[in-house]
Amino acid sequence: MLVSPLASSVAPAASSPPGGGGTTDPCIYVPGLPGFGPGPGDADPYFGCLGTASYGAANLDYQIRGLAIQSDDKIIAVGSVFSQASNNNDVWVARFTAAGKLDTTFGTGGFYTKNFTAPFGGGESAEAAVVQADGHIVIAGGFQNENAIDKAGFLIRLDVNGVPDPGFG
């Protein structure tokens, strides 16, 4: 028996959404939870963790600023990640499956990062993404150095696996 993190209800592991569940999954869908499917405006309990997909790590602050959907319904999320250790924002791109789980086959462990301003400090952020017909992903954003005087925009093109395209730019 597993307990939903959103209710005191108890449900057997068999009620887990497809692709998740089991005895180690804290995201167990308990039928009848208020606000969770199948009504209009309800969260989809089969997406991510009871309708929410997220990614985070200790001492890092992730901000999602844009999304793109691939032809296979995988979700590209772009933005920035702030590291308390380096006091710097870096470009952050992640791919989630259509079910809202981090796709660890993309980039390195599910994401791609880029630091334009190292070792001088500053910050950068991806703001938008487009998936091209050939599956390549084009990321647009901007960065500035630590003194906020020098600023520039950028485009990054990743292949379908989240690896920078050496033939671009």
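1. Val91 is buried, at a relative accessible area of 0% (buried is under 20% relative accessible area, exposed over 50%, partly exposed in between, with a 1.4 Å probe and protein chains only). Val91 sits in strand S5 (strands, E, are DSSP runs of at least two residues, numbered from the N terminus). Beyond four places in sequence, Val91 contacts Gly79, Tyr112, Thr113, Lys114, Phe116, Glu124, Ser125, Ala126, Phe154 and Ile156 (contact means heavy atoms within 4.5 Å). Val91 and Gly142 lie 51 residues apart in sequence, with C-alpha atoms 9.0 Å apart.

2. A word on the model. This is a predicted model, in which local features need pLDDT of at least 70, side-chain atom pairs count only at pLDDT 80 or more, and totals for chains, interfaces and linings use all residues. Residues are numbered from 1 along each chain as its sequence is written, and side-chain values use heavy atoms, with hydrogens and water left out.

3. Mean pLDDT for the protein chain is 76, and 69% of its residues reach 70 or more (pLDDT is the predictor's confidence in each residue, from 0 to 100). Residues 1-25 stay under 50; the model has 40 contacts beyond four places in sequence for them.

4. Arg95 belongs to strand S5, residues 88-96. Arg95 counts as buried because its relative accessible area is 5%. Its side chain makes a polar contact with the side chain of Gln70, at 3.4 Å (a polar contact is a pair of N or O atoms within 3.5 Å; within protein, one must be able to donate a hydrogen and the other to accept it, and residues adjacent in sequence count only if both atoms are side-chain atoms). Contacts of Arg95 beyond four places in sequence include Lys74, Ile76, Asp103, Phe106 and Val160.

5. Now the partner strand. S4 spans residues 75-83, and eight of its nine residues are buried. S4 and S5 pair antiparallel over nine bridges (pairing requires at least two DSSP bridges between two strands). Ser83 stands opposite Asn88 in S5. Four residues separate the strands in this hairpin, where Asn87 takes a positive phi near 50 degrees.

6. Arg157 lies in strand S9, residues 151-158. Arg157 counts as buried because its relative accessibility is 17%. The side chains of Arg157 and Asp134 make a polar contact at 2.9 Å. Asp134 is also among the residues that Arg157 touches beyond four places in sequence, including Gln132, His136, Val163 and Phe168.
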